[in-house]
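Take a look at the model before reading on.

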Amino acid sequence: MSSLSTKVGRLSLERPGMVASGIMDETGPSMIRMLEAGAGAVVTKSVGSEPRPGHANPCFTEVEGGLVNAMGLPNPGIAEFKAEMDVAVPKGKIVGSIYGASAEEFAMLAGKMEDYGACAIEMNLSCPHAKGYGMELGTDPVIVKEISSAVSSAVSIPVWAKLTPNTHILTQIAKAAEDGGCDAVVAINTLKAMVITPELGKPFLSNKFGGLSGPAVRPVGVRAVYDLYDSISIPIVGVGGISTWRDAAQYIMAGASAYQIGSAVADQGPEVFGRINGDLVKFMDEYGYSSVEDMRGVAHE
Ligand code: SIN
């Protein structure tokens with residue numbers, strides 16, 4: 001039988017599907033629920049130095065093919081988050097997602113996540129709508145290299161950079177992360193988006209802009225992973241619009257070593273992980289792929 005175990009650089013996973021940052025990953029018990037449903041790891045909600053309430057409602061809405069959200073990076077702050085990590089870490093692999101406004105802040109947060117038992121760090125360099133954070137830093141290769149280098153020197157666990165698709169220099173950004181010492185990149189975060197309510201003549205979201213996720217972004221994500229596979233030497237984690245084994249297979253064939261699922265958890269519940277694990281193994285058995293590694297990047301051949 002084909003094997004779903006995989007490696008993202010130094011990190012080994014029994015299953016290639018992880019929970020993407022931002023869904024069912026704010027508390028210890030919800031993270032455990034996702035691990036028990038078949039996720040190979042959980043990426044936490046992005047956590048910053050101080051508690052942050054996030055944007056006022058409405059902060060998300062459904063659209064054809066996905067969701068547009070502007071949660072505004074709500075989180076309890078790194079000190080409070082230790083209690084959630086204490087609950088979840090003994091039960092499985094937890095990747096600590098962090099956001100900051102400077103290399104020093106990222107390095108401090110990464111050190112805390114390592115102390116709390118995270119198996120890897122995911123740097124949020126890609127939130128499309130939080131002032132002073134995310135893609136405001138993550139679209140400048142000089143800043144990305146500086147942050148990557150500070151965080152990689154501050155911790156001994158693997159460091160991943162989550163990248164934004166809202167740039168025409170994605171491969172340069174990824175190269176900067178690689179040059180700064182990152183172990184892997186995660187592609188993609190949401191596409192900057194907007195919804196207007198015609199009856200009110202106003203943007204729907206309180207923050208005006210948000211990020212589009214879900215099936216509509218999948219072809220953008222697959223293309224991004226395909227481009228990155230040709231441009232960098234470090235592993236890639238694919239994310240964006242995965243809700244079936246076919247979607248997961250596309251990302252792996254484009255070059256991803258593992259993948260993350262976000263919006264489909266909201267749609268199908270945590271059971272999406274078990275379903276995709278089972279269906280993916282069946283496909284791999286039938287088509288003669290013995291492992292994820294065996295299938296990775298085949299679309300380039
Ligand atoms: C949010 O909390 O607003 C979303 C975070 C992100 O897009 O990275």
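A residue counts as buried under 20% relative accessible area, as exposed over 50%, and as partly exposed in between. The model is predicted. Thr244 has a relative accessibility of 31%, so Thr244 counts as partly exposed.

Thr244 lies in the loop that runs between strand S15 (236–239) and H8. Thr244 and Ile276 are 32 residues apart along the chain. Their C-alpha atoms are separated by 5.8 Å.

## H8 against H10

Ile276 returns as part of a helix contact, on the H10 side. Helix H8 covers residues 245–254, and helix H10 covers residues 272–287. The two pack at an angle of about 60 degrees. Their axes are 9 Å apart. The crossing of H8 past H10 is right-handed.

H8 brings Trp245, Ala248, Ala249, Ile252 and Met253 to the contact. H10 brings Ile276, Asp279, Leu280 and Phe283. By class, the residues of this contact are 8 nonpolar, no polar and 1 charged. Asp279 of H10 is one of the contact residues, and Asp counts as charged.

Helix H5 spans residues 141–154, 14 residues in total. From first C-alpha to last, H5 reaches 20 Å. That is close to the 20 Å expected at 1.5 Å a residue.

Which residues of H5 are buried? They are Val144, Ile147, Ser148 and Val151. These residues cover an arc of only 100 degrees around the axis, which puts them on the same side of H5. An α-helix has 3.6 residues a turn, so residues three or four places apart point the same way. On the other side of H5, Val142 and Ser153 are exposed.

## H2: one buried face

Helix H2 runs over residues 78–88. Ile78, Phe81, Met85 and Ala88 of H2 are buried. Down the axis of H2, the buried residues fall within an arc of 60 degrees, so they line one face of the helix. Ala79 and Glu80 are exposed on the other side of H2.

What covers the buried residues of H2? The cover includes helix H1 (28–36), strand S7 (94–98) and H3.

Terms used: Residues numbered from 1 in each chain as written. Predicted model: local features only at pLDDT ≥ 70, side-chain atom pairs only at ≥ 80, totals over all residues. Heavy atoms only, no water. Axes fitted to C-alpha atoms, helices over the stretch in contact; angles between N-to-C directions. Helix = DSSP H or I, 4+ residues; strand = E, 2+ residues; numbered from the N terminus. Left-handed = near helix turned anticlockwise from the far one by under 90°. Contact = heavy atoms within 4.5 Å. Buried < 20%, exposed > 50% of the residue type's maximum accessible area, 1.4 Å probe, protein only. Expected span 1.5 Å × (residues − 1). Arc of directions from axis to C-beta.
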